[in-house]
Amino acid sequence: MTARFAFASLRNGQTMAEHSIPVAPEMSSLLDSVAEQCREGRRLANFFGHRASDQPLKLYAVMSDDKANLLWIGAATAGASFPSLTPRCPQAHLFEREIYEQFGCRPQGHPWLKPVRFPARPQSPPIPRNYSFFHMDGEEVHEVAVGPVHAGIIEPGHFRFQCHGEHVFHLEIQLGYQHRGVETLLEHAASGRVPFLAESIAGDTAVGHGLASAMVWESLSDVRVSARAAALRAVALELERLANHVGDLGALGADIGFVPGSAYFGRLRGEFLNLLMELTGNRYGRCFVRPGGVTFDLPETMAESFLKRMKNAQKELQDVSRLFFDTPSVFERLDGVGAVSLNACQELGLVGPAARACGQDHDVRKDHPYGMYRFHHIPTMTADEGDVFARASIRRLEIERSLEFVISQIDNLPQGNLRAACGPLRKQSLAVALVEGWRGEIMHTVITDEEGRISRYKVTDPSFHNWMGLAMALRDQQISDFPLINKSFNLSYAGHDL
Amino acid sequence: MWDLLKAHFKQGHRTSAYPKGPVDFPERFRGRPTVDASKCTDGCQACADACPTGAIQLGTPPKLDLGKCLFCQECVAACPSKAIAYTRDHQMAARTREDLVVSSTEMKLTAALDKKSRELFGRSLKLRQVAAGDCSGCAAELQALNNVVFDLGRFGIQFVASPRHADGLIITGPVTDNMRLALQKTYEAVPAPKLVIAVGACAISGGPFRDSPQAHNGVEGTLPIDLYVPGCPPHPLTILDGLLRLLGRLESGTREEVYQKR
């Protein structure tokens, strides 16, 4: 047996010269190495293609060793096709479909080689073009199709259920309706427009994506962020997490008809958005994180009022959470619904609260710490059941931990400049940045050309990893529980569709 | 039961005082911007150069297009003479695309619909939301209108499940190519007479996604628009203000006239 193709290690927020990325002699040795590393417990964090001008297509794989706090990268030159990794390593399934859609390079033997986002081409028919959905035959089997326009204020997506009565055998999720061509725009945008595009990848994660984008930029231009700016970024990121987690608990309340929970959590979500507005001038924290630092300070008087409001919210949340989680009918409605096993979670490579609810102890803030999280750790919360109740409980616990973290940060804000100037980007280099957004792992990867311009901008939203988890959670469930299970994941359509 | 009642009592009444009472926005809130051309120096184009979406058209006076504006602080920070400034005024929805272009410290308040439309929609307006490539920011603010603070239902305005139950569409996003057909079909399903409301920079001009080959620079060119609500995303009260003035439930005209009457 030949020796395994060795990947090079790198850390979160690190830049490396393109020539120091190991290139496998053959595609098969790269793929074998990925499959072997997955068996050893590493995760496939990213797998994407890049075609530099007049160069052949190159595929890059980024593995995450969460226990060793390291990332591993390797590449190989691709021809018109390559043997699909998916049968050996299901985590690769959507990445391979994406590579096929973006570059036409075919993963041979892929079990489900369906387009991902259906980018528009002249005269192309609407989604899903000529693709025929998976369907079951049988006298009493029926199909339910919903979307892209739904009943509530939800993003567009199409869902196909194969049912027997209420019982769901299979759910096929069709996305792509929100495809705005974000990666292409990022690759061609003037540098001043990049942060705005990053903040618009998923509007409820403006701070998370803004931060990941700023981190790659700083890494490529050798800029260090001051301790104060790093602390303020962490405050904004946790406020975003708080607003969304609290809002999600409220939405779960609404879906099970527990109106007091929905009303109180809904109002408290607004309290965190208003704190973000107080700090940044925008309820979603837009235009706050910028390459080099942040745009606004948190002066002492404002810090005092923040602390007061945070402590007040903390107390109110304790009361409302107790009311919600101690109500027997709430527990009865959430328990055992939409479960995902730890095995399925690991096979699919789920991330964020959805993975932690299955018992997967992974959190970028702990595994690949960045900024303030290198100095102040937030305990990771896990559950075992992987059902809606577990996903709700994880949110409740993360709300408590985030509140404690933000209060301690504001209480001890370090000194430092708000923003450092960023110079030109390093040439022919690759940089990665990982951020634990409220949905999970956000990854931005940038490759620059010989002029120091962006030649590839790869965005990986946590939803990209997690949509398949929702499809699996629906198996053998009642179709009427779909809204509830969907809400318990609350994935981003825009973040997936880019 | 006892716990529920206790919680309910403790939560109290949280509905916003708007529109009857005052609203208090934080100091950093970026509301309607103003342009003071008298402060401009000849040949200076710092604001236009800094704008990420090309919302500023140079000239005397310079024109700021709120339909393209992302309400960031790039122009404000770049301007050496502080000619552009944000107010804390959240009222800035407009009936026409031209009304969104600001070149002074004044901007007309949203004009009401004609009498017949006001009679039809004034006391009960049902809207169907369509996300057509939005990042979910604007949609989140529309959703927020339903919470206990903004409580849209108290004005007889409601987001409904089906376009067939609706009096109009409220659209977010730059209209991606993949959503265009669904948007057109949803519009056709709404019984006439119907309204179209474009919310956010994307729906008005494409916003940060302007000139993407995958999107259509907003709703214009696909459907006729009756109300434009600028912002990225607009504050829920900006949307509410636009809706109420459109229905003639709040006065329209210039700010000075309206404020003097009070």
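Visitor: Which residues have the most contacts inside the largest nonpolar core?

Guide: This is a predicted model. The residues with the most contacts inside that core are A:Ala236, B:Ile171, B:Ala198 and B:Val199. The core has 225 residues.

Visitor: What makes A:Ala236 a member of a nonpolar core?

Guide: Ala is one of the residue types that a nonpolar core may hold, and each member must be buried, with 20 or more other C-beta atoms within 10 Å of its own. A:Ala236 is listed in the core, so it meets both conditions.

Visitor: Which helix gives the most to this core?

Guide: H6(A) does, with 15 residues.

Visitor: Why is the core said to lie between domain 1 and domain 2 of chain A?

Guide: Because both domain 1 (8–108) and domain 2 (212–457) of chain A give residues to it.

Visitor: What is A:Ala236 in contact with, leaving aside its neighbours within four places in sequence?

Guide: Its contacts are A:Val207, A:Leu276, A:Leu279, A:Thr280, A:Gly285, A:Phe288 and A:Val289. A contact here requires C-beta atoms within 7 Å.

Visitor: Which residues meet where H5(A) touches H6(A)?

Guide: From H5(A) come A:Val207, A:Gly208 and A:Leu211, and from H6(A) come A:Arg233, A:Ala236, A:Leu237 and A:Glu240. They divide into four nonpolar, one polar and two charged. The axes of helix H5 (residues 206–220) and helix H6 (residues 227–255) of chain A come within 8 Å and cross at roughly 145 degrees.

Visitor: Why are E8 and E10 of chain A called edge strands?

Guide: Strand E8 (141–146) and strand E10 (167–174) each pair on one side only. The open sheet has three strands in the order E8-E9-E10, with antiparallel pairing. From one strand to the next the twist averages 20 degrees.

Visitor: How do you know that E8(A) pairs with strand E9 of chain A?

Guide: Pairing needs at least two bridges. Six bridges join E8(A) to strand E9 (residues 158–164), and the two run antiparallel, so they count as a pair. A:Ala145 stands opposite A:Arg160 in E9(A).

Visitor: How many residues does each chain bring to the contact between A and B?

Guide: Chain A brings 49 residues and chain B brings 49 residues. On the side of chain A, helix H4 (194–199), helix H7 (259–280) and helix H8 (300–325) each supply at least two residues. H7(A) gives the most, with nine residues. That side divides into 26 nonpolar, 14 polar and nine charged residues.

Technical notes:
Residues are numbered from 1 along each chain as its sequence is written. Chains are lettered from A and ligands numbered from 1 in the order in which they are written. This is a predicted model: local features need pLDDT of at least 70, side-chain atom pairs count only at pLDDT 80 or more; totals for chains, interfaces and linings use all residues. Two residues are in contact if their C-beta atoms, placed from the backbone, lie within 7 Å. Helices (H or I, at least four residues) and strands (E, at least two) are DSSP runs, numbered from the N terminus. Ala, Val, Leu, Ile, Met, Phe, Trp, Tyr, Cys and Pro count as nonpolar, Asp, Glu, Lys and Arg as charged, and the others, Gly among them, as polar. Axes are lines fitted to C-alpha atoms, for helices over the stretch in contact, and angles run from 0 to 180 degrees between N-to-C directions. A nonpolar core is a set of buried Ala, Val, Leu, Ile, Met, Phe, Trp, Tyr and Cys residues joined through C-beta atoms within 7 Å. A residue is buried if 20 or more other C-beta atoms lie within 10 Å of its own, exposed if 12 or fewer, and partly exposed in between; C-beta atoms are placed from the backbone. Domain bounds come from an automatic or database domain assignment.
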